[in-house]
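Here are some notes to go with your first look at this one. Have the sequence and the 3D view open as you read.

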Amino acid sequence: MFNYRYFLQCNISLLKLIRLINNYSKQSSAFPYLPTNKLPSKPNRKKGITEIRGPYYFPVTRTYLDELLQDWGEYVDGIKFAGGSFSLMPENRLRDLIDIAHKHNCYVSTGGYIERNGAFAEYALINADFVIKLPDGLDPLNAAPLYCGGVSMYKALKVSQARSNDWISIVGVGGLGSLGIRYAKIMGFRVIGIVAEKDQAAVDLAREMGADEVYDGSSDQHSNFVKEKTNGGVQAALVTVPLVSAYEQALQSLKQGGRLVMIGIPTDNLSISIGICIARQIEIVGTLVGTRTDLKETLDIAQKYDIKCKVQTCQLEQVNDILDDMRNYRLTGRMVIDFTGNSK
């Protein structure tokens, strides 16, 4: 005889279990009933530091490390070459592993040595094997931004997956965006520079660097301008400014199958329509600086095509004033600290 009471109780229990699982899935932790502290985000995490070790206990290949950090890099801060294993590796293999760590925003440690973020210092002692030499003919002051903004934008352009003659937009034409325009033109792209409303200095800078079109109108209309100029949208939009509104407009400016490249870091969250992204096959990707290979390519291109950065120089004693100018958007291009004392 069929037991309806047992059947009903089982289904009620099943529904409770499903509801419980659904509630758990909405939590950030797989075990929300356990008391935990929220893990601060990378980079520069000050607590909850996680370091993984290898290849001391088992072999670590480049593919393994890259795939591991793709899945778990959010929770990993550093890679430690334990037991002196780094000293037994061929130089090219060691460089490859370090580049993979940096690609996923992880520091490298040997136990006796650990990477640290730099500061405004007159001298720094580093291993010459991990330095990219400035090519002959490039002025150190003028080329200084290439080691940060230059390689960041060059890597972002590579990540965009745009091809020669494709339309792309670069949102924000300051120190980053201006270099992005210059490299984009060398790579064969057609470029639209998006600047703040009626910012004539930024308009002039964008045109000086080679932009095909420049928009300096209302910030909530730039996607319409882009679609009109490109007959449907850009293949890639690179956003250098930390504004959610700029990201929203950039997303709308993409053509079918376009790619949004995230560079600027807003403090607020970006809301997107998953349905629209799926229907229009939109891709969204973030990028952070680049590897030593990217930097070498950045410098080689600068030497070959005589890339000149828009720079102003200052002395170390002026750094606080410069930071204040940066926070209040009073600078065009890049500021470079001249330790020789000859800055103007």
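**Notes on a few spots**

1. Let's begin with Lys38, which you'll find in the loop that links helix 1 (4-25) to strand 1 (51-53). Keep in mind that this is a predicted model. Is Lys38 buried or exposed? Its relative accessibility is 77%, and the cut-off for exposed is over 50%, so Lys38 counts as exposed. Ten residues along the chain from Lys38 sits Gly48, and the C-alpha atoms of the two are 9.1 Å apart.

2. Three strands make up an open sheet in the order 1-2-3, and the pairing is parallel. From one strand to the next, the twist averages 25°.

3. Now zoom in on one pair in that sheet. Strand 2 (residues 78-80) runs parallel to strand 3, and three bridges join them. Which residue stands opposite Ile79 in strand 3? That's Val108.

4. Asn165 deserves a check of its backbone: it isn't a glycine, yet its phi is positive, at about 80°. You'll find Asn165 in the loop between helix 5 (149-159) and strand 4 (167-171). With a relative accessible area of 46%, Asn165 is partly exposed.

5. Gln281 is another non-glycine with a positive phi, here about 55°. Its place is the loop between helix 10 (274-279) and strand 9 (283-286). The relative accessible area of Gln281 is 53%, so this residue is exposed.

Notes:
Residues are numbered from 1 along each chain as its sequence is written. This is a predicted model: local features need pLDDT of at least 70, side-chain atom pairs count only at pLDDT 80 or more; totals for chains, interfaces and linings use all residues. Side-chain values use heavy atoms; hydrogens and water are left out. Helices (H or I, at least four residues) and strands (E, at least two) are DSSP runs, numbered from the N terminus. Buried means under 20% relative accessible area, exposed over 50%, partly exposed in between (1.4 Å probe, protein chains only). Two strands pair if DSSP finds at least two bridges between them. Axes are lines fitted to C-alpha atoms, for helices over the stretch in contact, and angles run from 0 to 180 degrees between N-to-C directions.
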